[in-house]
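Q: Could you walk me through how to read a few features of a protein model? I would like the general idea each time, then the case at hand.

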Amino acid sequence: MPEPPHRRRAHASSSDLERYAGLFAERTRVMRSSAMRDLMAVTARPEVISLAGGLPDTSTFPPQTFAAQMTRIAQESAAEALQYGPTEGFRETVDCIVEVMGAEGMLPDPEDVIVTTGGQQAIDLVCKALVDPGDAVICEAPTYPGAIPVFCSYQADTIQIECDAEGMRIDELEDTLERLEIEGRRPKFIYSVPTFQNPAGVTMSLERRRRLVEIARTRELLIVEDNPYGLLRYGGEALPPLYQLDGGDFVIYIGTFSKILSPGIRLGWAVTPPPVMEKVVLGKQASDLCTSTLTQYFVREHFAGGHWREYVESVGEIYRERRDAMLAALERYFPAQASWTEPEGGLFVWATLPPYIDTSDLLAKALREDVAFVPGQAAYVDGRGRNSMRLNFSAGDEEEIREGIRRIGKVIAEQVGLYGALTGEPPAVAPRPQSQRAEGENVVPFRKAEGA
Ligand SMILES: Cc1ncc(COP(=O)(O)O)c(C=O)c1O
């Protein structure tokens, strides 16, 4: 048989690389891969329990509802649904967005909203509109691991401000802003995931929210509030989003349907002041002309049913139980020196291990036990976070979560034992059975709130 004209190459050879090396743009030198994307290839193996992704459980969406919604679109608006749409998105989609934001107390002007290809594209478009190489961009430490590749690809100077149990340390932010001012630099924006943060699971306190917005207003700085998880609350009191506190003058808001409906539809949005919107729209035209018409029709259909909040509440119930299963498993299987956050919502727990454990090395060992997590370093630009990890509790069921945490606990125990053998430290750090522990012991907040 003759060879097919184009065979798939397994790997780029060194001569391939040489051939293209001179062609790459300068920015590719600092581009970074998303840790979660890399891990997805490994975790696709069915035997691997992945606590690494940030995947909502889409099996909770009733297939018959999906079929009925798509059938209605096919029967009533096939030609329109298969056509290009406006760059800003359809007005009907924007109306759904206004409804979602209204559920958290926000009242955006529909004219300020652009529908994007996921919240991820909104981050990209905001950077495209605002960031030149070398510009300072401020974010939390740790920050959303998927934002780092975006900041890097626009060659931003990313400055990370420490987080504790109350979110971003505003006193540290003020020090940093002072320093930048002395250097004659004005950061392009302060990026924050204030509610059920990815990756740390922490929520910014009301006092810090107010201070952050006040700082932005007095210094005339932009905040980019990224809020995919605000409606996934499993306990505690709802707090006003930064956008609500500010009214939209200095806060650019990013939202998404990914966690309240489906990430596969790739629908998110940004709300910006009009002058920024003008540039964002131009950037989006260049990127992809418009967001998928078909999936915007799907959202419209879903919202027309009037049950979108019920669906969010039903998945929230499931995730609450999974979060509780993860916290109980951590208590049972992680060593006494480990600590972790107890999120009131969202999809993630952030665990911190003894400083001599490098979670990137630990991941290699964990994968041999068929379990995965995101090493903490993925959430920092500067190599910090080596002894921490992000654990997801939305994708798998409670049994998988327990088993996944048990396997990670086992490889941690091996590391702890090895360290003890090498240093002579007593093995008191090994996990103790649940029955020997006081209730709540080990569960410490993600560094207690200090200062502001
Ligand atoms: C904080 C944050 N921002 C943005 C995104 C991107 O979401 P999407 O592009 O699916 O809307 C995610 C996804 O996990 C996220 O956690």
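Q: Which residues form a nonpolar patch on the surface?
A: Patches gather residues with over 30% relative accessible area and no salt bridge, joining nonpolar side chains (Val, Leu, Ile, Met, Phe, Trp, Tyr) within 5 Å and like charges within 9 Å. Here Tyr20, Leu23 and Phe24 make up such a patch, and together they have about 360 Å² of accessible area. Areas are computed by the Shrake-Rupley method with a 1.4 Å probe, and for residues only the protein chains shown count as cover. One caution before we go on: this is a predicted model, in which local features need pLDDT of at least 70 and side-chain atom pairs count only at pLDDT 80 or more, while totals for chains, interfaces and linings use all residues. Residues are numbered from 1 along each chain as its sequence is written, and side-chain values use heavy atoms, leaving out hydrogens and water.

Q: Is Leu23 buried or exposed, and where does Leu23 lie?
A: Buried means under 20% relative accessible area, exposed means over 50%, and partly exposed is in between (1.4 Å probe, protein chains only). Leu23 counts as exposed because its relative accessibility is 67%. You will find Leu23 in the loop between helix 1 (14–21) and helix 2 (35–43); helices (H or I, at least four residues) and strands (E, at least two) are DSSP runs, numbered from the N terminus.

Q: Which residues come nearest to the ligand?
A: A residue is near a molecule or strand if one of its heavy atoms lies within 4 Å of it. There are 13 residues around the ligand, of which Gly119, Asp226, Tyr229, Thr256 and Ser258 come nearest. Helix 5 (residues 118–130) gives the most to this shell, with three residues.

Q: What polar atoms lie by an oxygen atom of the ligand?
A: The term polar contact covers a pair of N or O atoms within 3.5 Å; within protein, one must be able to donate a hydrogen and the other to accept it, and residues adjacent in sequence count only if both atoms are side-chain atoms. A polar side-chain atom of Thr256 is 2.6 Å from a ligand oxygen, and a polar backbone atom of Gly119 is also 2.6 Å from a ligand oxygen. For Arg266, a polar side-chain atom lies 2.8 Å from an oxygen of the ligand. The ligand taken alone exposes 400 Å², and the protein buries 92% of that.

Q: Where are the cis peptide bonds that involve Pro142 and Pro199?
A: Look at omega for these. The bond joining Ala141 and Pro142 is cis, with omega about 5°, and Pro142 sits in the loop between strand 3 (136–141) and helix 6 (147–153). From Asn198 to Pro199 the peptide bond is also cis, with omega near 20°; Pro199 belongs to the loop between strand 6 (189–192) and helix 8 (206–219).

Q: How many salt bridges are there?
A: A salt bridge is a side-chain nitrogen of Lys or Arg within 4 Å of a carboxyl oxygen of Asp or Glu. By this rule the count is 30. One of them pairs Glu162 with Arg384 at 3.0 Å, N to O. This pair links distant parts of the chain, 222 residues apart: Glu162 is in strand 4, and Arg384 is in the loop between strand 13 (374–375) and strand 14 (388–392). Glu162 counts as buried at 18% relative accessibility, whereas Arg384, at 29%, is partly exposed.
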